[in-house]
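Hi,

Here is the structure I promised to pass on to you. Have a look at it first, and then read on for what turned up.

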Amino acid sequence: MRLYYRYDNIVREILARREISGAYYGTIIPATIAIYYKKSVSAFIGEYEKPYFIDPMTYFINQPIKNICNKQNNPRRSYKMLIQEYLGLDVENIDNIHLEEETVWDLSEGDMDLFCRNVLNFQINFEDTEAIDFMNEYLEEEDQQQSGPELLVAPYVLIEDDDTYEFNRRCSETTFNNYDGDVPLFVCIAISKNYLARNPNLEERILEDFSFTNNFIIWVSAFNAVNESVENLLRFKNIIRILSDNSRNTIFNLYGDYFSLLLSKFGLNGFSSGLRGGTKKVARLRKSGGGRVTTNVYVPHLRRFLLEEDFRAEIQRDERLICNCIKCDEIMENQLRDDPFYLEAFANDLMDEKNYLVHFLFCRNEENLNLEDADLVDLLGDLREKSELHNTSVFRGHLVNWLDDL
Ligand SMILES: [Zn+2]
């Protein structure tokens with residue numbers, strides 16, 4: 001199973017560490033970051049040589065302009081750059097648009113051919129050769145070939161009604177018809193839960209309507225396996241199973257968690273998440289307001305993230321929830337066991353210097369490695385054991401749902 005992590009400027013340093021490099025497959029670079037931090041992203045790619053691809057994030061184009069604005073009501077710089085790149089619109093005029101009313105682009109009127117070509121070209125030509133050459137010189141390495149993204153993603157918007165479904169289909173087909181390169185080209189199926197609920201046979205329809213491709217990226221907006229009903233989990237599993245078409249197709253989930261690891265047994269080939277617990281995402285952008293930054297700690301025994309305060313309370317309640325990854329063992333070894341506050345000290349150290357991110361990377365990698373030799377029965381047995389062992393935790397409900405579903 002390919003483990004991807006979403007690149008951002010905070011986790012960059014962690015993902016770049018040599019000792020971490022073997023613990024994940026590759027990175028997904030959001031287009032807003034790719035375009036705004038082109039040089040530093042290119043340097044990262046050039047130096048670490050891990051596979052990557054760019055999420056073109058085109059779903060912002062049919063949303064109200066106010067959704068891509070900062071607090072001062074101006075479109076954010078990174079989006080303005082993308083608008084220029086994808087649509088060829090003059091960025092300076094965007095400031096003068098009626099923010100409440102207009103969307104960035106009218107799907108029914110835009111020049112689709114040009115849009116599809118631009119989105120693909122942005123990904124193909126993304127790397128900044130100057131930054132890569134500089135890194136090579138700095139590292140005194142032989143000149144490396146420009147590696148390029150390992151796959152390309154056709155433009156997409158959020159599918160929430162029949163019009164946006166049809167737009168996505170046409171957009172994807174146009175991109176495929178105009179492309180003859182060697183790098184695999186993927187379609188991205190981003191869907192709202194409402195549209196899914198209203199269309200019980202959607203996955204069969206997609207398989208038929210998108211028969212020009214074998215490569216799918218799936219994103220169910222706001223889907224979070226830890227909080228979903230059994231019904232929604234079943235539906236998600238069914239989407240993966242159908243679109244995988246008996247493993248004839250390659251299929252990745254754009255935002256996933258441990259549940260996605262289990263879905264490898266139903267045809268899923270990889271998934272991505274944020275390093276800091278970003279296991280879901282809503283496809284409707286919102287005006288940025290700078291909310292509270294929370295720390296999420298992964299708890300492998302519960303197969304989920306907990307907020308820092310919940311994590312601290314849970315390990316006080318049940319010490320067995322502390323994991324045995326290299327990082328946690330190392331931190332625990334440094335604690336004075338006769339100190340009555342050693343659990344608190346352990347938690348403090350884990351939160352320090354991004355240790356909890358490294359801990360998560362190690363744990364997830366371990367889970368992924370265990371997956372390879374195990375069949376579904378083994379995995380579910382393991383899940384049942386965890387669910388029973390921690391049956392006093394209020395944070396275990398999802399384990400019961402997952403067992404029901406699978
Ligand atoms: Zn750990």
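Predicted model: local features only at pLDDT ≥ 70, side-chain atom pairs only at ≥ 80, totals over all residues.

Which elements do the buried residues of α5 pack against? They pack against β3, α4 (77-87), β4 and α7 (162-177). Contact here is counted between two residues whose C-beta atoms, placed from the backbone, lie within 7 Å.

Residues are numbered from 1 along each chain as its sequence is written. Helices (H or I, at least four residues) and strands (E, at least two) are DSSP runs, numbered from the N terminus.

**Helix α5**

The buried residues of α5 are F115, C116, V119, L120 and Q123. They cover an arc of only 120 degrees around the axis, which puts them on the same side of α5; the arc is that of the directions from the helix axis to the C-beta atoms. An α-helix has 3.6 residues a turn, so residues three or four places apart point the same way. On the face turned away from the buried side sit the exposed residues D113 and L114. "Buried" means that 20 or more other C-beta atoms lie within 10 Å of a residue's own, "exposed" means 12 or fewer, and "partly exposed" is in between, with C-beta atoms placed from the backbone.

**The sheet**

Two of the neighbours of α5, β3 and β4, belong to an open sheet of 8 strands. Its order is β3-β2-β1-β8-β7-β6-β5-β4, with parallel pairing. Strands pair if DSSP finds at least two bridges between them. β3 (52-55) and β4 (152-153) stand at the edges with a single partner strand each, so one side of each is left without a neighbour in the sheet. β4 is joined to β5 (residues 185-191) by 2 bridges, and V153 stands opposite F186 in β5.

**Two domains**

The chain is divided into domain 1 (2-273) and domain 2 (296-405), with bounds from an automatic or database domain assignment. Their centres, taken over C-alpha atoms, are 30 Å apart. Each domain gives 19 residues to the contact. On the domain 1 side, α10 (230-244) and α11 (258-262) each supply at least two residues.

What covers the buried residues of α10? The cover includes α8 (193-198), α9 (202-209), β6 (215-220), β7 (250-253) and α17 (397-405). After α10 comes D245, whose phi is positive, near 50 degrees.

Enjoy exploring!
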